[in-house]
Amino acid sequence: MLKVPEHQVAGHIASDGKLGPLVDDQGRFFKPLQGDSRGEHEAKFYESFTSNKKVPDHIHRYFPVYHGTQLVEASDGSGKLPHLVLDDVVSGYANPSVMDVKIGSRTWYPDVSEEYFKKCIKKDRQTTTVSLGFRVSGFKIFDHQESSFWRAEKKLVLGYNADGARLALRKFVSSNSPADSNLTPNCAFASEVYGGCNGILAQLLELKDWFETQTLYHFNSCSILMIYENESILMKGGDDAPAPRAQVKLVDFAHVLDGNGVIDHNFLGGLCSFIKFIKDILQSVEKHDETDTSLLENGR
Ligand SMILES: O=P(O)(O)O[C@@H]1[C@@H](OP(=O)(O)O)[C@H](OP(=O)(O)O)[C@H](O)[C@H](OP(=O)(O)O)[C@H]1OP(=O)(O)O
Ligand SMILES: Nc1ncnc2c1ncn2[C@@H]1O[C@H](COP(=O)(O)OP(=O)(O)O)[C@@H](O)[C@H]1O
């Protein structure tokens with residue numbers, strides 16, 4: 001039995017009879033092939049990427065595993081439609097916090113229609129895409145105090161300026177109530193989630209290394225998904241405390257183009273900018289910890 005994904009944070013959502021992705025209880029994510037040949041384009045990308053021996057193994061792990069396409073009952077009640085069958089990258093988590101960040105200082109690319117170009121550039125200018133080289137598309141946080149999920153409102157997210165994006169990235173790794181906009185995010189999970197040898201920053205840097213040399217694909221309008229589980233961090237100290245399992249995954253390949261031997265500077269530039277934001281948060285947390293330690297040592 002397929003159902004609407006509980007943890008989807010952006011994109012087309014299958015609710016109120018609309019067409020959108022579905023999930024099963026076996027850890028599969030079914031994304032309907034979108035019109036305008038975008039769906040076929042995304043399927044072709046997955047087929048090319050999956051079998052591309054030039055892509056190193058350690059890079060494959062940043063992409064959802066692709067299981068081909070399948071005709072399944074669509075969410076909008078229009079009957080059986082072809083869907084991409086992917087690994088559901090959040091299926092292994094009980095209460096995942098998830099953020100979608102669209103990378104690049106432009107979402108349009110050469111040879112798109114005038115109409116599509118205008119739509120993209122308008123949104124790119126209205127959001128932080130042009131100014132920062134990335135935009136937050138959506139996120140949800142597991143609020144352990146309330147034992148429920150808090151979801152950022154799409155309209156507010158798309159209205160973020162640089163400070164709003166920074167605040168969202170801090171909030172994403174904080175333990176104080178996300179619903180209260182008067183509280184300064186405490187970044188309680190930043191070191192465990194963003195930092196460390198298996199954390200988000202280490203993964204982003206590994207991706208950056210690849211993007212510095214890869215000329216196979218241009219990842220237009222593609223997103224980085226960040227996923228982690230915060231309950232486990234709160235069990236800190238317990239021997240059985242599981243790791244937060246912070247993960248970076250790339251999603252949405254409807255607009256990927258052949259790289260033609262050229263660096264994907266649009267994605268690479270956006271990724272570098274995004275990395276700087278994550279690094280700054282980690283640095284501010286370390287600085288704060290150092291101040292706390294010195295205050296303690298000085299008996300204050
Ligand atoms: O329909 P919209 O205006 O919500 O735009 C979609 C975008 O939503 P946004 O409002 O930017 O969060 C959406 O962005 P997210 O996935 O939400 O980051 C996609 O860009 C989508 O296009 P495509 O599926 O990649 O071809 C976009 O869909 P299309 O309008 O291009 O079909
Ligand atoms: N393989 C996946 N597993 C789990 N969730 C996914 C997967 N792919 C996408 N998602 C969720 O769906 C959202 C939209 O995906 P995306 O491919 O960008 O769709 P769209 O083309 O409609 O924008 C992402 O932000 C994420 O929350």
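Is Cys187 buried or exposed? At 3% relative accessibility, Cys187 counts as buried, since the cut-off for that label is under 20% relative accessible area. Welcome to a short tour of this structure, which is a predicted model.

**Loops with a positive phi**

- Cys187 has a phi near 55°, a positive value in a residue other than glycine.
- The loop that holds Cys187 runs between helix 6 (162–171) and helix 7 (190–193).
- Ser221 is another residue other than glycine with a positive phi, here near 60°.
- You will find Ser221 in the loop between strand 8 (217–219) and strand 9 (223–229).
- With 5% relative accessibility, Ser221 counts as buried.

**A buried loop residue: Phe63**

- Phe63 sits in the loop that links helix 2 (57–60) and strand 3.
- Its relative accessibility is 3%, so Phe63 counts as buried.
- If you want a distance to check, the C-alpha atoms of Phe63 and Leu84 are separated by 14 Å, and these two residues are 21 residues apart along the chain.

- Strand 1 pairs with strand 2 (residues 28–32) over two bridges, in the antiparallel sense.
- Within this pairing, Val23 stands opposite Phe29 in strand 2.

**Strand 6 and its partners**

- Strand 6 (residues 134–143) is mostly covered, with ten of its ten residues buried.
- Strand 5 (residues 96–103) runs antiparallel to strand 6, and six bridges join the two.
- Across that pairing, Val98 stands opposite Lys140 in strand 6.
- Strand 6 also pairs with strand 7 (residues 148–151), in the antiparallel sense and over four bridges.
- Two phenylalanines face each other in this case: Phe142 stands opposite Phe149 in strand 7.
- Strand 6 and strand 7 form a hairpin, with four residues between them.
- The turn of that hairpin includes Ser147, whose phi is positive at about 50°.

**Charged patches on the surface**

- Lys18, Lys119, Lys123 and Lys154 form a positive surface patch.
- One of these, Lys119, belongs to helix 3 (residues 114–126).
- Lys119 counts as exposed because its relative accessibility is 53%, and the cut-off for exposed is over 50%.
- A negative surface patch is made up of Glu286, Asp289, Glu290 and Asp292.
- At 54% relative accessibility, Glu290 counts as exposed.

Terms used:
Residues are numbered from 1 along each chain as its sequence is written. Chains are lettered from A and ligands numbered from 1 in the order in which they are written. This is a predicted model: local features need pLDDT of at least 70, side-chain atom pairs count only at pLDDT 80 or more; totals for chains, interfaces and linings use all residues. Side-chain values use heavy atoms; hydrogens and water are left out. Patches are made of residues with over 30% relative accessible area and no salt bridge: like charges are joined within 9 Å, nonpolar side chains (Val, Leu, Ile, Met, Phe, Trp, Tyr) within 5 Å. Accessible areas come from the Shrake-Rupley method with a 1.4 Å probe; for residues, only the protein chains shown count as cover. A salt bridge is a side-chain nitrogen of Lys or Arg within 4 Å of a carboxyl oxygen of Asp or Glu. Lys and Arg count as positive and Asp and Glu as negative; His and the chain ends are not counted. The place of a charge is taken as NZ of Lys, CZ of Arg, CG of Asp or CD of Glu. Buried means under 20% relative accessible area, exposed over 50%, partly exposed in between (1.4 Å probe, protein chains only). Two strands pair if DSSP finds at least two bridges between them.
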